[in-house]
Structure formats: C-alpha cells, structure tokens
Amino acid sequence: MAKTRKEGPVGSGRAKTAQAKAQDDQVMSTNSSSIVSKRSVEKLYYPDEPHFFRFFVKKFQRRAPLINRGYHLRLHVIDVLVRDFLMQPQKDGEWKQKVVVNLGCGSDVLPWQCLSRYPDLCKMVKFVDVDFSDLIERKRQTVEATPELKGMLKWPREPGELAPPLVFESNEYVQIGCDLRDLKTLREGLEMVVDVENCSLLFVAEVSITYMETDGADNVIEWASSLGDAEFVLLEQILPSGKDHPFATTMLNHFNKLNTPIKSVATYPTLDSQLQRFSSRGFNSVLGWTLWQAWADERFLSAADRRKLDEVEPFDEWEEFALFASHYCLIHASTKASTVHIAGKPPSSASIPTKRMQVQYNECPGQKGQRRFGAAMQLPDKNDTPLVVNVMGLGTKARLQSCDVYNQGADAGSTELTFSEGGPATRMCHTLTDLGGDNGVLLAGGRGSPSSPLKDCWLFNKSTNLWSRTQDLPLPLYRHAVTNLGGSGMALLVGGKGLGAAPLSSECLLYQPRLGWVNCEIIGEVKPAAVYGAVLAYQGAENPGQFSGLFAGGLQDGLINEQILCWDLVISGLKPIVKFTQLKEPAGSKDSSSRQLLARFGATCFQHGDKFLLVGGVIGDHLLDQQDEILACSVSSGEFKVTRRYIDSQSAKEGPPPRPLFVGVSTALLPDGRVVVVGGGATCFSMGTFWNKGVYALSFGQSGEDTRRDVQPDLQWVHRKTIEITPGERSVTAYDETETMSGLPPHIEPVARVRLETQEDFTRILKEGRPVVLEGLNLGKCVSAWSLDYLVGKVGNDRNVVIHESSTQAMDFNTKNFRYVTTSFEDFARRVEKGDMVYLRALSDKKPTEKPALLTEDFPTLASDFALPPQLSVVRDSLFSSVLRASGCVNMWLHYDVMANVYCQIGGSKRLVLFPPRDVEHLSFTPGASSSSIDVFANLESAELAHTHPHETVLSPGEVLFLPPLWLHTAKPTSGSNIAVNVFFKDLGSGNYAAGRDVYGNRDLAAYEKGRQDVARIANSFHKLPAEAREFYLLRLADELQRKARG
C-alpha cells in the first residue's frame, strides 16, 4: 500500500524485482513516523473526541509544537474538504452513493473520524482504504483486534468470504490491497463493493502518489477523472521558490536519504503547475491553495479557530511554520463545475526595479556561529575594523548564554573583546538597539520558552564592555519592535507578545536614559494593530523632540497584518505623544503587491540613506521569492513606494555564495552602509534543520557603484571566538574593583516630573513602577493655609503627640540615636521654630498600637483642608493610611515602604534621594530589616555609593511624589520647617500582604516572611556538615537564589 501516514503508493499483483520491493518497503516505512505525529496531534488538539490513531501507535510521543501545528493543519484541511463532500446535497430524483477513496491510506483513520464527527452525513457513505497489500493486511489485523474500531462497522464480512484485492469489507468501510500503479486491479476492487458509474467519488491522496513515478501518479489522476462524478483532494510538496531554497534543499535531501524521493515536485514545482496538471487530465474544476494560504482561508479556519489553537500549546515557530506550509499544496479538483482557481497569486514585483548588490560570503568552520533568533550589535575594534557581536539566541541544542564575535581582516589577536561578570540571562527573540554616541546598546526583553517572556533590560557600555541593568519593561515582551531615535539616546518600542488573556501589546513605549520606559499616548484616528514581529524604523527628526519613521506588518491572530504606517513622535508635556498615519500606495498603483511585500513578520528594517532597507522575514499567503527578500522603500507625502529589489551580483570568482535563509538572522548596519548578516536558519518541519554557515556582508552602493572602495576583497569576515555571558548583576566586590576604585561618585538621575490630566494617567504611572513628581494637582486649601501656627490653632494646645527627638541631624533607626517623647502639639511646633531636631510621624489618636493613622480620624479639624484630587482616585479607593508628617532640621533615615504611597508636600521644601529596589544589596540592609544606617547625604558625592543608581528631587509646596513600593529612600529638609501628608495604599492583591497587625503598613510581604523561615530551615539542615562543606553549599544555594532573582 502507499504508506501509513499516507505517504506512498500501493502494492501490486505483478512480480517485482528485489529493488522495487525494497523501494516499496521504504515508502511504506514513511507511515510509521507520520502516524506518531498524527497521534500527537490527536491527543493534544482533539481531547474531547474519540482517539483512533492510538490503536496504531504503540507508545505516545509528544512531537514538537511546529510538527504538531503542521500535522494538525494537514489533517484539518483534508477533513474540511471531505466534510464538504459529505454535505453536498443529492440532485432531485438522482440519488448517488458517496464513496471516499483514500489512496495510499497507510494507517490513517479518516473513516472512523468521519463516522464519529459526522454520523448523520455518513449514512450510506462508503469509505475505501487503498494501499500496498502488506500494509493493508497489517491494518486489517489491527481493526479486527480492536473493538473500538471494528465495533463502529456494521456487518463486517469474514476474511474467507472476500476475494482479492478486497482485504476487509463492512457496510461502511472497505480495504483494498493493491499497487496504485495497477489501476485495473484497483477498479476491479472498487466495482466489487460499489456501483462505480452511479457513485459520487472523492479520492484523497495525502502525500502518497508523489512517491510514484510521475507518469504513474498522473495516470492515477487521469483515471480518477474518467470515472464520471469524481472529485480529487491532493496534498503534497511543491517548490515555490525553486529547489535551491534552503527549506526545499533540506526537504529533498531528507527524502533522498530515506531512499523515498518525492518525484512529482520536479514536474509540478508550483501551485499553478499543479492546477494545470489536474485541468489537463479531465477535471473541469480545480481549486488550489498552499497550506500557508489555507491557513488564512476562512473556509478552513476562522480567526477564533486560530486563536483557540494557541491555547493548546505555546507556539512561536511562525517563520518555520510559514516555510513548511508554503512548500505544501492542497488541490481540490472536480469533474463537475468548470472553474480553475488559485487561492491567490504570488505578489508580482516585476515592475519594481532591480539592483545588483555585492555579497561577500565567508564560511565559518564547523558549527561556529550557528545560532538563530539572537540579536547583533556593531562595536568598534582597536584597529578600526568592524566588529560584529551576535548575542544569545537559540543554538543547535538549546538557548545560548553566549555571544559570537566576528571581525574583518584583522588577525585573531586583535579581537580583545571580553565581558566582565554580570549580564543578561539566556534568551531569544530579544532586541539590541544602539542608542548612539556613548549611550550604549540597549537589550530589551525576549523570551525563554514561548510561555516565558522576559521584561528585564540591560545597557552594554561599548567603552568598558560592561553590562548594567536598566529599568525593566512595564510588562514581559518578546518579538517587540524597537528603533533608536537617531543619536538622541532614546528608543521607541511598539508591539510585542507577552502573557495573559491579551498577550499582544498595543502600547508604544519610549525609553529615555533618565526615566527608563514611559508609556506614550497614541492620538489620532489610526491605531496600530496589536501585533508582534513587526518592523519599526526611524526616519528622521524635523525639530528637537519630534521624530518620525515606519511601522509595518506583524502577526495578529496567526496572520500577517498588512498595515503600513508612518509614526510621528513628540516628546513634551505630560507624556510622549505618538500619531500613526496609514500610508497608501502611490496613485495609479494597480495591485497590492508592494503592500504584501513590505508587510512582513520577523524581518529587519534599517534606515539606509534616504530609504528604508528591509531584509528577510516571511509574508502572508506566499513564500518570498529570492529576488524580493531584500527591498528598499521610501516614505513621503503619506505614500510608500518599494523603490528597489536587491539581487546578488554573482560576481564572485568562486561563483555565487550559498543561498541564505533570511529567517532568525541577526543583522548589523556598519557605518559605511554595509549590512552584515550572521546566524540564522530554521527547523524544516520534521525533515531536519538548516543553518546559514557563514557571514554575508551586503554592499548596496550608490548609483551602481560599490561604496566599499577602502575595503579590500581579500579581507575576510572571520568568526573569532565565542564569549560566555555570566548571568546576573555584578557583585559588590566586582563593582567595587571597577568603579569604586576609580573614585567616581554614582550618577544621580533626576526624578521625572509630569502633570496628570486623568486617572488613567496615574494608572499608567502606577503600572510603570517608577517614582514621579506630580505637578499642578489641587490638594485643597492646605497648601496655602497650613503653617505651624495654623496647625496649632486647629489641633489645639492640649493635644499630645509622640515625636522623635534627635541628638544629630541624621536619624538612624537601627542605632536609635533619637528618643520618643510625648509632648503637646504646640510645644512640638515651638521647638521646630527654634530649630530643634524633632520629627512628627503621626499615629492613630485612639489606638496607636492597633490601627494605622488616618487624617480624617486623627485630625478631623484638619481633614477638610486636604483632598486627594480625582486623578488619584485609585489611591483613595485602595487607601491604607494617611499620615500627617511635620519636622524641623532632621533627616529621615534610609528605608523602604512595602506599600505604594504618595508624599504630598504641603509646607516647606524637602530633598529626597531614592534608589531602585535592586540596589538593596548595596545599601547595608540587614536580613529582615527595612531600614539602613547608611547616611546617604554624607556619602552621595563619594565613591562609597558608586554601585548604586540614585534618583533625586526637591519637593515644593503643592507637589506630590509617587513612591512605588520597595524603592529605598531618605529625606532631608531644605527649609526650617516641613509639613506633609503621606498617603499609603495597597497596589497588590490583599493576599500578598502579611496577615496580622500592621500599624505602619510596612510589614514585609507574606512571601518574604515565609521565605525567611524557609531560609532558616534550609540553613539548619546543613548544621551537621563540616564548616567548610556547610559554607560551600550554602554559598551555592545563595548564588542559585540570586540567579533566579536576576532572571
């Protein structure tokens, strides 16, 4: 028979040579692999249906997501066409039995699936399996021995009652054992079970007749059309971009190695040729799709269907899925209606001028440089020769924690690049963006597995070769698009994929060195689709703070979105503003080919002169032709135009370089305009993996001239070395050695200042988790009315309060260099006026040891003067406490608050210094303590704090500081007296906070308190070991915890 997985011809009654028999056996063996994959799909994708492949597969093996998705699509499209055949109404007065003939069926379970899924449609339908006699006999034995299979079949006949080529027969189901090359025997078998001339026949050949000699396969097609009312469904491989396409090469080599070459592709390499194949052999109606087109066709899958598939298992192999699906065609032919239709013609680029580029190719030895979905950066070398570093990505076996270093021309000793301790953890599908000048290279996000997106960001200093952690993304993202904004040091991020119910990001984020990531407000009627894997590029800046560029393509609901947009960014006021404009094709354009060619997934886009240069990726519906893989386009006056296609000049003495696969590549734009492509490749379904094996340096020239006149052709690109990156931030010791010894103080960032317009503005700030000074808010009459005398008059002379009385300006909670004193409010106010070092942090008036402070309850005569504005409604809705604070010339110690809070400066002014939570390990916080004894103001200008990242601001009356939880901070008055209201609120779910009494709202989170108990138990479990062994293993555990914290 053909094969179990439906990938081969069928056994014959004619005598065969030993060689022919061996060939048939190898074709039949393709069944074994196929049904294992189909069983994997059955179990994962159809959990609520009866499973039938399990009876033909002894042991379940879960296939990779790419193979599962591919086989699901294969099974699904055939199921849809068979279902449509079963649903066809009978003509009035002319009833015909419907017969489904599975040619080269192997161990496929199509009959049982149809009987289970469409019982009403299958009444009076006959299913016929045809394959080699040996294979069909094995299938019969399985059916006979399996009640779940045989029990669905009515009136099965005994084997002794059947004459060849019949092997099994029941009311609904028949097995015929014969070679498809023996059409006479096949017809005889059919006529033994049905009235062929008065039947409606549907022939199905899923990757089966392609193993036959092409003439024999053509004979099967023509024979089928001769039977009258016949339809034919064919699924097999094609070569849409030629046999030298990397996927095609890998596919052909795979089947050749198995000694089961696929033969039809040589004669019918394209979808169009397959249509002609059927229309010239008696079929009047022929419809054709590639599987990539069928994936997008509502006849087969709706957007909801595609989304539902993503719930089965995480999936991110989209480029590889597109390559696979583009190399398989689906044909539905009929002898009835007269039409020949192809799902969609490939985009025509014939009208776009071509230009020859110079391609320099240098192969790397062995497996060096083999990584996919990394990201590259271009660095200066000491000899002023280009240095390209390909950072992390997916290697031959796993994701990599390393970089490949390439340079041109210099000997190996000149490449001295090394990394010091500390850097990002392994990942792929991340971005690297050169921020220009001395601003470094920004690494953002990425993923481990598709279900493990990352949000950490890092800056690489090109002068010191050091990685340093910068502000995280507001949410984990991968396959986002990032572009620098010229040499401004800033970057724009659009789109990306994360986690959750709405995994695609529709936000635009601006990275600013001092502020980190800030949400942009999107204005205008055009909103970009929430996509990932899009291209984003910078075009220019008309005025300071105004930037523009291109945003195109991306994936949404499993399809490539054909949006081509111009973006304009303005940085001023409350928050950055982005406006998107839909770009149109030039007036007079007759088709949408240019749009389809530009709207890509997984491509790279550069600003190249006055044009945009687009490299690689995949497009919707079709496989990119080689001449369309690299394009130049222009944007002006609301229009985009593809101005040029770049093709290889093929001028190399050694002949043209190997055809690259522009999937998963890393690209770097050199200062001289060349583009260097390293890495890349793809898993070619179940047929092997293709790797680009060297460096491709692309030179585009000007007006046909090569721009690299200063580069000698004999200066080859060389893979110099692979460097490991040690994940995690640098330790204190390492940092002290590199920066503290330099004597440099830390760089102090100013806290950002914004004006809130709506409560949504504050919600965004809360989500970003960065401290911000809020200006222009209306806090009520308190700002103008509250003075010490006013407070005394309102509170009363006899109201007692507990204050801190200090002997020094710098209070220290750990050493308790102050004492608690109970005194009248009036006495406290007078002491502040005298310059005493006293501080009031109000407590609950009635139950100071049980309840948190609330201004409305503790100071009701003052409460009406203070109001949280509507923009801070989320604070009011989640209120924990509102604390009156007042002080003289005394500093608040360095500490952190577990709850978020807004510090409302009412009277006087105050200087605050804040540190991000990750600095906690450098600021002497003992385990379990929320306060430190470091005098920040005394050490801020020294190298003592060189390893920290301080932020600073001075608050004036009416200004509000938003303090995210866990940001370490200290405060120093810059006026003789200070008055403030500090409002704490819960920004996490209640279950995250520790249970029990918490007057100050500063108990550590429940997870940390439990974690400390776990640490104590773990440490105690080592107490019987020798001291050296105990220290060794505890340090290893500590390192493991630190790596998890950084990862």
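1. Let's start with Cys520, which is buried, at a relative accessible area of 8%; buried here means under 20% relative accessible area, exposed over 50% and partly exposed in between, using a 1.4 Å probe and protein chains only. A search of the whole structure finds zero disulfides, a disulfide being a pair of cysteine sulfur atoms within 2.5 Å. Cys520 is in no disulfide, and the nearest cysteine sulfur, that of Cys508, is 5.9 Å away. For Cys364, the closest cysteine sulfur belongs to Cys403 and is 15 Å away, too far for a bond. Cys364 also counts as buried, at 4% relative accessibility.

2. Please keep in mind that this is a predicted model, where local features need pLDDT of at least 70 and side-chain atom pairs count only at pLDDT 80 or more, while totals for chains, interfaces and linings use all residues. Residues are numbered from 1 along each chain as its sequence is written, and side-chain values use heavy atoms, with hydrogens and water left out.

3. Seven of the seven residues of E8 are buried, so the strand is largely enclosed by the rest of the structure. Tyr328, Leu330, His332 and Ser334 cover one side, and Cys329, Ile331 and Ala333 the other. E8 pairs with strand E6 (residues 230-237) in the antiparallel sense over seven bridges, where pairing requires that DSSP finds at least two bridges between two strands. E8 also pairs with strand E7 (residues 285-290), again antiparallel, over six bridges. Ser334 of E8 is the bridge partner of Glu231 and also of Ser285.

4. How many aromatic pairs does the structure hold? There are 38, counting rings of Phe, Tyr and Trp (its six-membered ring) whose centres lie within 6.5 Å; planes under 30 degrees apart count as stacked, over 60 as edge-to-face and the rest as tilted. One of them joins Phe419 and Trp467, edge-to-face at 6.1 Å centre to centre with 70° between the planes. Phe419 lies in the loop between strand E13 (402-408) and strand E14 (431-434), and Trp467 in strand E17 (residues 466-470), so this pair ties together parts that are 48 residues apart in sequence. Phe419 is buried at 14% relative accessible area, and Trp467 is buried at 3%.

5. Tyr532 and Phe601 also form an edge-to-face pair, 5.7 Å centre to centre and with 90° between the planes. Tyr532 sits in the loop between strand E22 (521-523) and strand E23 (535-540), and Phe601 in strand E29 (residues 600-601), so the pair ties together parts 69 residues apart in sequence. Both residues are buried. Elsewhere, one aromatic cluster includes Tyr71, Trp292, Phe315 and Tyr328.

6. An open sheet of nine strands, with mixed pairing, runs in the order E42-E43-E53-E49-E55-E47-E46-E44-E45. Its edge strands, E42 (752-755) and E45 (818-824), each pair on one side only. Within the sheet order, E49 (residues 900-907) and E53 (residues 960-963) pair in the antiparallel sense over four bridges, with Asn901 opposite Leu963 in E53.

7. Finally, an unreviewed UniProt entry carries the annotation "domain: JmjC" over residues 857-1002; such positions are given in the numbering used here, feature names are shortened, and annotations may be inferred rather than shown by experiment. Over residues 857-1002, the chain is 10% helix and 36% strand, and the end C-alpha atoms are 20 Å apart.

Methods:
Helix = DSSP H or I, 4+ residues; strand = E, 2+ residues; numbered from the N terminus.
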